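Dear colleague,

Here is the structure that I promised to hand over, with its sequence.

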Amino acid sequence: MKLEGIDPLHPSMYCVLSVAEVKGHRLRLHFDGYSECYDFWTNADSPFIFPVGWVEKNGRELQPPLGIYTVSKKTVKIVKFPPTCHGHKS
């Protein structure tokens, strides 16, 4: 299942997420395009996760998964892979 959500380590960034695991009311969320070491757990009723389309509907900018190119009117954005995984987990 795909979701959109706020990156807990970078609260100004809205990212594409996939539900990787469910345990009761807890979800392990995976940042699409990133290593599993960036996955994090949150409650299913978290105010920081949203259905697909919420970010655009609310005038925010969705960060594309790593390796995805986005093209706007005059710019091309290339999202690079991080050099290493720093083991950040919540």
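A search of the whole structure finds four salt bridges, a salt bridge being a side-chain nitrogen of Lys or Arg within 4 Å of a carboxyl oxygen of Asp or Glu. Before going further, please note that this is a predicted model, in which local features need pLDDT of at least 70 and side-chain atom pairs count only at pLDDT 80 or more, while totals for chains, interfaces and linings use all residues. Residues are numbered from 1 along each chain as its sequence is written, and side-chain values use heavy atoms, with hydrogens and water left out.

Glu21, Lys23, Arg28 and Asp39 are linked in a network of salt bridges. Within it, Glu21 bridges to Lys23, with 3.7 Å between the closest N and O atoms, and the side chain of Glu21 also meets that of Arg28 at 3.1 Å, N to O. Arg28 in turn forms a salt bridge with Asp39, where the closest N and O atoms are 2.4 Å apart. Arg28 lies in strand S3 (residues 26-31) and Asp39 in the loop between S3 and strand S4 (40-43), so this pair ties together parts that are eleven residues apart in sequence; the strands, like helices, are DSSP runs numbered from the N terminus, with at least two residues (E) for a strand and at least four (H or I) for a helix.

Lys23 is exposed at 51% relative accessibility, Glu21 is partly exposed at 27%, and Arg28 is buried, with a relative accessible area of 19%. Asp39 is buried, as is Arg28.

The next topic is the nonpolar core, meaning a set of buried Ala, Val, Leu, Ile, Met, Phe, Trp, Tyr and Cys residues joined through side-chain atoms within 4.5 Å. The largest such core has ten residues, namely Leu3, Cys15, Leu17, Leu27, Leu29, Phe31, Cys37, Tyr38, Phe40 and Ile49. S2 and S3 are the elements that give two or more residues to this core, and S3 gives the most, with three residues. If residues up to four places away in sequence are not counted, Leu29 touches Leu3, Leu17, Ser18, Val19, Asp39, Phe40, Thr42 and Ile49, where contact means heavy atoms within 4.5 Å. Phe40 is found in strand S4 and counts as buried at 7% relative accessibility; its C-alpha atom is separated by 8.6 Å from that of Pro8, 32 residues apart along the chain.

The structure also holds six aromatic pairs, for which rings of Phe, Tyr and Trp (its six-membered ring) must have their centres within 6.5 Å, with planes under 30 degrees apart counted as stacked, over 60 as edge-to-face and the rest as tilted. The rings of Tyr14 and Phe50 have centres 6.2 Å apart and planes at 40°, so this pair is tilted. Because Tyr14 lies in strand S2 (residues 10-23) and Phe50 in strand S5 (residues 49-50), the pair ties together parts that are 36 residues apart in sequence. Tyr14 is buried, with a relative accessible area of 11%, and Phe50 also counts as buried at 11% relative accessibility. Elsewhere, Phe31, Tyr34, Tyr38 and Phe40 form one aromatic cluster.

Finally, please look at strand S1 (residues 2-7), which is mostly covered, with five of its six residues buried. S1 and S2 run antiparallel and are joined by six bridges, and two strands are taken to pair if DSSP finds at least two bridges between them. Ile6 stands opposite Tyr14 in S2, and a hairpin joins S1 to S2 through two residues. S1 also runs antiparallel to S5, with two bridges joining them, and the bridge partner of Gly5 in S5 is Ile49.

Asp7 has its place in S1 and counts as buried at 10% relative accessibility. Its side chain reaches the backbone nitrogen of Leu9 at 2.8 Å. Leaving out residues up to four places away in sequence, Asp7 touches Met13, Cys15 and Phe31.

With best wishes

Terms used: Buried < 20%, exposed > 50% of the residue type's maximum accessible area, 1.4 Å probe, protein only. Polar contact = N/O pair within 3.5 Å; in protein donor to acceptor, adjacent residues only side chain to side chain.
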